[in-house]
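Visitor: I would like to learn how to read this fold. Where do we begin?

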Amino acid sequence: MKLCITSTGETLESRVDERFGRAPYFLIVDRETKEFHAVRNAALTAGRGAGVVAAQILSDLGVEALVSGIVGPNAFHALKAARIKVYEGASEIDTAAAALEKFTKGLYREASGPSGRSGGGRGFRGGR
């Protein structure tokens with residue numbers, strides 16, 4: 001399974017970025033081998049629709065699950081259309097390695113809807 005963790009940097013020691021569409025990097029982790037690589041988020045500087053563009057990037061990479069903090073409505077629907085499961089609850093106080101460990105232990109729940117509003121990921125955290 002390919003897992004994506006939104007990140008502020010290119011390593012597993014980088015902090016989680018809670019914003020899906022505006023995260024600087026996506027760390028793509030192979031759950032079986034634990035190998036990973038960083039992908040710079042080309043949607044980061046998009047004026048609008050960053051989450052939808054980011055969802056397409058993950059779909060093109062064959063990602064099956066996403067760990068992030070805030071996923072707006074448009075991005076959430078794009079991820080669902082791409083059959084990418086969204087797991088919420090990641091926090092910027094964690095490193096990507098800690099988020100991976102929490103995911104492996106089943107400490108994140110699969111989101112049933114968006115966790116923020118469109119427009120930069122500064123929305124509320126519904127359901128928390």
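Visitor: Which pattern does the protein chain follow along the sequence?

Guide: Helices (H or I, at least four residues) and strands (E, at least two) are DSSP runs, numbered from the N terminus. Here the order is β-β-β-α-β-α-β-α-β. That comes to three helices and six strands.

Visitor: What should I know about the model?

Guide: It is a predicted model: local features need pLDDT of at least 70, side-chain atom pairs count only at pLDDT 80 or more, and totals for chains, interfaces and linings use all residues. Residues are numbered from 1 along each chain as its sequence is written, and side-chain values use heavy atoms, leaving out hydrogens and water.

Visitor: Which residues of helix α3 are buried?

Guide: Buried means under 20% relative accessible area (1.4 Å probe, protein chains only). In α3, residues 96–104, these are Ala96, Ala99, Leu100 and Phe103. They lie on the same side of α3, because they cover an arc of only 100° around the axis. The arc is taken from the directions from the helix axis to the C-beta atoms. Their cover includes β1 (2–7), β2 (25–30), β4 (65–67) and β5 (85–88).

Visitor: Which residues touch the most other members of the largest nonpolar core?

Guide: A nonpolar core is a set of buried Ala, Val, Leu, Ile, Met, Phe, Trp, Tyr and Cys residues joined through side-chain atoms within 4.5 Å. The largest has 21 residues, and Phe20, Phe26, Leu58, Leu66, Val71 and Leu79 touch the most other members. Its largest share, five residues, comes from α1. A second, separate core of 15 residues includes Val16, Ala90, Ala99 and Tyr108.

Conventions:
Buried means under 20% relative accessible area, exposed over 50%, partly exposed in between (1.4 Å probe, protein chains only). Contact means heavy atoms within 4.5 Å.
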